[in-house]
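Hi,

Here is the structure we talked about handing over. Please open it alongside this note, then read on for what turned up.

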Amino acid sequence: MMREHRIVWSLLACLLLVACGHAGGARRPEPLPSWHDGEARQRIVDFVARVTDPASPDFVPEAERIAT
């Protein structure tokens, strides 16, 4: 019984997080908002865009991405 309650609360928490994420509409958050515009910031943003775009030759599947 206690396990079912945890599962239900976990699902509700996930739904709340998803709903909050979509509350801002289709607008994407600004990547690295505290960074000043510059070459380093732009290179990081470009790299992430390349490796997360399935159409890119540099694409890395999500399961193979490791952040340390």
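**Salt bridges**

Glu30 and Arg41 form a salt bridge, with their closest N and O atoms 2.3 Å apart. (A salt bridge here is a side-chain nitrogen of Lys or Arg within 4 Å of a carboxyl oxygen of Asp or Glu.) This pair links distant parts of the chain: Glu30 sits in the loop between α1 and α2, Arg41 in helix α2, eleven residues apart. Arg41 counts as buried because its relative accessibility is 8%. The cut-offs are under 20% relative accessible area for buried, over 50% for exposed, and partly exposed in between, with a 1.4 Å probe and protein chains only.

Before going further, two notes on the source. This is a predicted model, in which local features need pLDDT of at least 70 and side-chain atom pairs count only at pLDDT 80 or more, while totals for chains, interfaces and linings use all residues. Residues are numbered from 1 along each chain as its sequence is written, and side-chain values use heavy atoms, with hydrogens and water left out.

The whole structure holds four salt bridges. One of them joins Arg43 to Glu39, closest N and O atoms 3.7 Å apart. Arg43 and Glu39 are four residues apart in helix α2, so about one helical turn separates them. Both Arg43 and Glu39 are exposed.

Another pairs the side chains of Asp58 and Arg50, at 3.1 Å from N to O. Salt bridges with shared partners also join Glu30, Asp37 and Arg41 into one network.

**Around Arg50**

Arg50 lies in helix α2. Its relative accessible area is 38%, so Arg50 is partly exposed. Asp58 is partly exposed too, because its relative accessible area is 38%. Setting aside neighbours within four places in sequence, Arg50 is in contact with Ser56, Asp58 and Phe59. (Contact means heavy atoms within 4.5 Å.) Arg50 and Val60 are ten residues apart in sequence, and their C-alpha atoms are 8.7 Å apart.

**Around Pro31**

Pro31 is in the loop between α1 (2-22) and α2 (39-52). Pro31 counts as partly exposed because its relative accessibility is 37%. Beyond its neighbours within four places in sequence, Pro31 is in contact with Arg41 and Val45. The C-alpha atoms of Pro31 and Arg41 are separated by 8.9 Å, with the two residues ten apart along the chain.

**The largest pocket**

Which residues line the largest pocket? They are Arg28, Pro29, Pro31, Leu32, Ile44, Val45, Val48, Ala49 and Thr52. Seven of the lining residues are nonpolar, one is polar and one is charged. (Ala, Val, Leu, Ile, Met, Phe, Trp, Tyr, Cys and Pro count as nonpolar, Asp, Glu, Lys and Arg as charged, and the others, Gly among them, as polar.) The volume of the largest pocket is about 230 Å³. A pocket is an open set of points on a 1 Å grid over the protein atoms alone, where a 1.4 Å probe fits, with protein on both sides within 12 Å along at least five of seven lines; lining residues have an atom within 4 Å of a point. Volume is the space filled by probe spheres set on the points.

**The chain overall**

The protein chain has two helices and zero strands. Helices (H or I, at least four residues) and strands (E, at least two) are DSSP runs, numbered from the N terminus. Buried residues make up 4% of the 68 residues.

Best wishes
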